[in-house]
Amino acid sequence: MDKDQLRSQILEQLEEVNDPELGIDIVNLGLVYDIDISESNNVKITMTLTAMGCPLAGMINGLVEDAVRKVEGVDEIEVDIVWDPPWSKDRMSRYAKIALGIPD
C-alpha cells in the first residue's frame with residue numbers, strides 16, 4: 001500500500017474520533033494538522049485541541065491512537081498535540097460549522 005492510500009485510511013479512521021464536548025469528529029473540526037508517515041510506516045499525527053488545558057486531552061490522544069491502530073500496515077503511532085498554530089473556527093469544515101450552527 002502506498003503512502004497516499006495509507007494516509008486516506010488513517011483520515012477515514014480519524015473521522016470516527018469525535019471531540020467529546022462538541023460531538024463532531026476531529027478531522028472536520030480541523031484539529032488534525034498533519035499526518036507524517038515514515039518509510040517503515042511509523043505514523044506521527046500532529047494535532048491540536050479546541051482549548052489549551054483541555055481536560056480530555058489524554059482521552060482524545062488514546063482515541064486517536066486506537067483509531068490509527070485499526071489501519072493495516074501501520075507500525076508505531078505517535079500523537080503530538082501542539083498549540084501553534086492555535087486552533088480557530090476557521091479551520092472547521094463547512095459540515096462542522098453547519099452542525100454546530102456557526103455562520104460560514
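Q: Which residue in β2 is the bridge partner of V32?
A: V32 is bridged to M47 in β2. The model is predicted: local features need pLDDT of at least 70, side-chain atom pairs count only at pLDDT 80 or more, and totals for chains, interfaces and linings use all residues. Residues are numbered from 1 along each chain as its sequence is written, and side-chain values use heavy atoms, with hydrogens and water left out.

Q: Why are β1 and β2 called paired strands?
A: Two strands pair if DSSP finds at least two bridges between them. Strand β1 (residues 32–37) and β2 are joined by 5 bridges, so the pair qualifies. The two run antiparallel. Strands are themselves DSSP runs (E, at least two residues), as helices are (H or I, at least four), numbered from the N terminus.

Q: What do β1 and β2 form, and what lies between them?
A: They form a hairpin, with 5 residues between the strands. In the turn, N41 has a positive phi of about 65 degrees.

Q: What joins β2 to β3, and in which direction do they run?
A: Strand β3 (residues 77–81) is joined to β2 by 5 bridges, and the two run parallel. M47 has I81 of β3 opposite.

Q: What kind of unit do β2, α2 and β3 make?
A: They make a right-handed β-α-β unit, with α2 at residues 57–69. Right-handed means that, with the strands pointing away from the viewer, the path from the first strand over the helix to the second runs clockwise.

Q: How do you know that β2 is mostly covered?
A: Of the 5 residues in β2 (residues 43–47), 4 are buried. Buried means under 20% relative accessible area, exposed over 50%, and partly exposed in between (1.4 Å probe, protein chains only).

Q: Why is K97 called buried?
A: Its relative accessibility is 11%. The cut-off is under 20%, so K97 is buried. K97 sits in helix α3 (residues 94–100).

Q: Why is G53 called exposed?
A: G53 has 63% relative accessibility. That is over 50%, so G53 is exposed. G53 lies in the loop between β2 and α2.

Q: What class does A57 fall in, and what does its value say?
A: At 22%, A57 is partly exposed. A57 belongs to helix α2. Leaving out residues up to four places away in sequence, A57 touches L49 and I81. Contact means heavy atoms within 4.5 Å.

Q: How do you know that the span of α1 agrees with expectation?
A: The expected span is 1.5 Å times one less than the number of residues. For the 12 residues of α1 (residues 3–14) that gives 16 Å, and the end C-alpha atoms are 16 Å apart, so the two agree.

Q: Which residues of α1 are buried, and where do they lie?
A: L6, I10 and L14 are buried in α1. They fall within an arc of 75 degrees seen down the axis, so they line one face. The arc is that of the directions from the helix axis to the C-beta atoms. On the face turned away are the exposed residues D4 and E12. Among what covers the buried residues are β1, β2 and α2.

Q: Which residues of α2 are buried, and what do they pack against?
A: I60, N61, V64, A67 and V68 are buried in α2. Their arc is within 130 degrees, so they line one face of the helix. They pack against α1, β2 and β3. G58 and R69 are exposed on the face turned away.
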